[in-house]
Amino acid sequence: MDLGTYGYPPPTAKKIISNYEVPEGVEVRGRYDAEFSKILTKDALKFVSDLQREFRNHIKYALECRKEAKRRYNEGALPGFDPATRYIREGEWICAPVPPVVSDRKVEITGPVERKMIINALNSGAKVFMADFEDALSPSWENLMRGQVNLKDAVAGTITFHDKARNKVYKLNDEIAKLFVRPRGWHLPEAHILIDGEPATGCLVDFGLYFYHNHSTFRRTQGAGFGPFFYLPKMEHSREAKIWNKVFEKAEKMVGIERGSIRATVLIETLPAVFQMDEILYELRDHSVGLNCGRWDYIFSYVKTFHAHPDRLLPDRVQVGMSQHFMKSYSELLIRTCHRRGVHAMGGMAAQIPIRDDPVANEAALELVRKDKLREVKAGHDGTWAAHPGLIPSCMEIFNNNMGNAPNQITTMKREDAAKLTEEDLLQIPRGVRTMEGLRLNTRVGIQYVAAWLTGSGSVPLYNLMEDAATAEISRVQNWQWLKYGVELDGDGLGVKVNKELFGRVVEEEMDRIEKEVGKDKFKKGMYKDACKIFTRQCTSPTLDEFLTLDAYNYIVLLHPVETSKL
């Protein structure tokens with residue numbers, strides 16, 4: 001059967017009837033489940049479809065503008081500050097005051113919307129838990145809908161999990177982290193829900209279902225009259241922030257809560273967005289609680305933005321840290337912009353995970369985390385991210401020791417020195433070398449991540465780091481760029497140039513290594529060969545695909561029409 005663009009069948013002579021009760025113009029093509037039906041109620045689907053119908057053309061226009069910007073960059077243009085919005089950058093305005101309930105965000109933990117993860121993260125001692133429908137989640141129908149069920153139970157305070165293998169029951173502590181939710185980016189569809197014959201926009205499904213079911217309970221039990229709280233990913237321009245602001249306003253109006261109740265932090269994780277930080281905050285000024293340095297995606301975006309610029313090749317990804325001038329400049333300008341506008345400037349992810357069988361290596365990894373967090377707090381960040389509960393005490397200690405009793409540094413670290421940062425500072429080519437080991441690591445990590453994603457895991461421990469889609473994206477686009485321009489691996493002293501033959505050998509050898517590392521049984525049962533095909537195809541494609549996950553999404557769409565009847 002031809003499965004069309006997003007894996008659902010094209011129109012046929014049969015009409016699919018779902019067991020879900022749906023409003024007019026809405027079709028649910030995911031598997032029916034009694035638990036899911038409590039989320040996919042007729043009224044909740046009506047709420048989502050109203051958002052979709054009002055904003056779909058705005059979203060399509062914003063995505064077309066991304067394509068136009070990409071065309072300009074491919075022709076040699078560079079991103080920069082927009083002269084037309086100088087009045088916003090130079091104006092004396094501030095965002096709405098930060099709600100007291102989230103004024104202290106020193107350490108935030110992130111992870112997918114899995115049941116046990118949600119409980120452990122809310123109990124972790126972090127100030128905030130960002131529950132993720134985006135880069136840490138493989139967006140299968142089961143994962144997305146179970147995630148909504150889990151979050152509803154978490155907001156209600158009734159969530160529990162029985163780990164049968166350990167015979168342990170997990171439940172919430174009396175004191176828990178504040179819950180933020182990250183929906184998918186604008187570009188991702190939800191193929192299992194059709195609205196007027198088109199796939200719904202993934203982020204409107206994630207946001208709409210969660211908000212509809214939880215806004216009242218959340219504001220009463222967690223938000224002290226504010227909320228719900230969100231993280232917004234993958235923006236490239238303030239016009240995208242403007243759409244989100246209108247979505248928030250419409251949602252507030254539809255359920256009858258005060259304007260400005262919803263609050264969101266925007267991830268600055270694309271290169272074009274760093275030149276739009278003031279404008280993004282301005283558009284969301286009644287709904288903003290800051291910006292975050294999404295640094296792994298930011299590196300991915302640097303390569304993607306300049307993929308047609310052979311003079312802007314990155315060194316091995318392990319060398320592209322926050323000490324690189326363009327990364328340091330981005331962090332400092334973000335802090336200055338946020339504090340000038342009265343909101344949080346959040347630091348980046350510590351992706352390390354405890355190394356339980358090697359105390360020496362574990363201590364070395366923890367020391368790297370401590371140094372990174374000390375750099376962040378001294379630079380002026382108000383908080384930071386951790387991928388694992390085991391990192392939270394170290395991160396919290398560093399922020400507490402350097403901030404004292406203050407909940408944040410919004411009024412004390414203005415970073416006016418960052419006002420002098422220029423477009424050249426933000427675009428400076430990173431220094432370093434390219435090596436065969438860099439090519440091998442990209443390939444090994446990329447294939448293993450895609451294999452896990454295809455089998456339902458979007459957050460994957462690899463080589464003592466918690467990897468999500470962002471690190472796989474860096475691996476993919478860097479391999480693509482090195483292949484495209486036949487770069488010399490100048491860090492090995494061998495002068496080897498990257499070409500398809502070399503890459504083919506590397507893929508074969510790394511697949512052998514993966515099989516040895518994971519074991520033959522897991523390798524056979526996993527989707528490593530499919531992942532290898534997807535990753536290799538994307539690395540060798542004549543044109544660079546926008547997102548790895550858009551292509552791979554076709555492999556996880558699974559339709560379950562319950563019954564059919566002839567028209």
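Guide: A residue counts as buried under 20% relative accessible area, as exposed over 50%, and as partly exposed in between, with a 1.4 Å probe and protein chains only. This is a predicted model, in which local features need pLDDT of at least 70, side-chain atom pairs count only at pLDDT 80 or more, and totals for chains, interfaces and linings use all residues. Residues are numbered from 1 along each chain as its sequence is written, and side-chain values use heavy atoms, leaving out hydrogens and water.

Visitor: What makes both faces of strand β14 (residues 383-386) count as covered?

Guide: G383 and W385 on one side are buried, and so are T384 and A386 on the other.

Visitor: Which strands pair with β14?

Guide: Two strands pair if DSSP finds at least two bridges between them. Strand β3 (residues 107-112) has three bridges to β14, in the parallel sense, and V107 stands opposite T384. Strand β13 (residues 345-350) also runs parallel to β14, joined by three bridges, with M346 opposite G383.

Visitor: Why are helices α5 and α6 called roughly parallel?

Guide: Angles under 35 degrees count as roughly parallel, over 145 as roughly antiparallel, 65 to 115 as roughly perpendicular and the rest as oblique. The axes of α5 (residues 141-156) and α6 (residues 202-221) cross at roughly 10° and come within 9 Å. α5 is therefore roughly parallel to α6.

Visitor: Which residues of α5 and α6 meet?

Guide: Contact means heavy atoms within 4.5 Å. Among the residues that meet are L144, M145 and L151 in α5, and V205, L209 and F218 in α6.

Definitions and conventions: Axes fitted to C-alpha atoms, helices over the stretch in contact; angles between N-to-C directions. Helix = DSSP H or I, 4+ residues; strand = E, 2+ residues; numbered from the N terminus.
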